[in-house]
Amino acid sequence: MDILVGYKKANQDLLEFSAVHAKAFNANVILVTSLKGGDDDVEKVDKAKYNLEAGKQFFDQRGIQCETHLLVHGMEAGEDLVSFAQEKSVFQIIMGVKNRSKVGKLLFGSTAQTVILTAPCPVLTVKGQDAQ
């Protein structure tokens with residue numbers, strides 16, 4: 001059984017919550033970051049890889065099987081995560097959320113909203129001080 005964790009940057013609350021769920025369900029964690037394709041920003045890619053590796057170490061230290069994926073498919077993050085979740089037939093998606101005004105959601109979209117409304121499985125959201 002696999003749990004997909006949508007992971008953009010260090011979020012201790014998200015990692016801790018995901019670890020509790022992975023242990024409770026004896027599940028593997030698939031740690032995923034989605035970047036929009038066509039962006040030649042090497043710094044963003046390097047930072048995403050670094051964050052994924054740090055997240056993997058968190059799970060490794062707790063004895064939880066974890067794999068990482070950096071998705072660059074040219075889709076919005078929400079669509080990318082849902083598509084990947086379908087492809088992997090995950091049991092659950094866990095992702096961090098942050099407060100954003102309605103205007104902010106209108107202008108910049110909402111990854112969480114897209115995932116919650118279109119995911120093929122249950123979605124749990126974690127609001128933390130350092131949420132993504």
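Trainee: Where is S89 found?
Mentor: S89 lies in the loop between α3 (77–88) and β4 (92–97), where helices (H or I, at least four residues) and strands (E, at least two) are DSSP runs numbered from the N terminus. This is a predicted model, in which local features need pLDDT of at least 70 and side-chain atom pairs count only at pLDDT 80 or more, while totals for chains, interfaces and linings use all residues. Residues are numbered from 1 along each chain as its sequence is written, and side-chain values use heavy atoms, with hydrogens and water left out.

Trainee: What is phi of S89 near?
Mentor: Phi of S89 is near 50°, a positive value in a residue other than glycine. Most residues other than glycine have a negative phi.

Trainee: And is S89 buried or exposed?
Mentor: S89 counts as exposed, at 61% relative accessibility; buried means under 20% relative accessible area, exposed over 50%, and partly exposed in between, with a 1.4 Å probe and protein chains only.

Trainee: Which loop holds N26?
Mentor: N26 sits in the loop between α1 (12–24) and β2 (28–34), and its phi, also in a residue other than glycine, is a positive value near 50°. N26 is exposed, with a relative accessible area of 69%.

Trainee: Changing topic, what pattern does the protein chain follow?
Mentor: Along the sequence the pattern is β-α-β-α-β-α-β-α-α-β, with five helices and five strands in the protein chain.

Trainee: How much of the protein chain is buried?
Mentor: Of its 132 residues, 39% count as buried.
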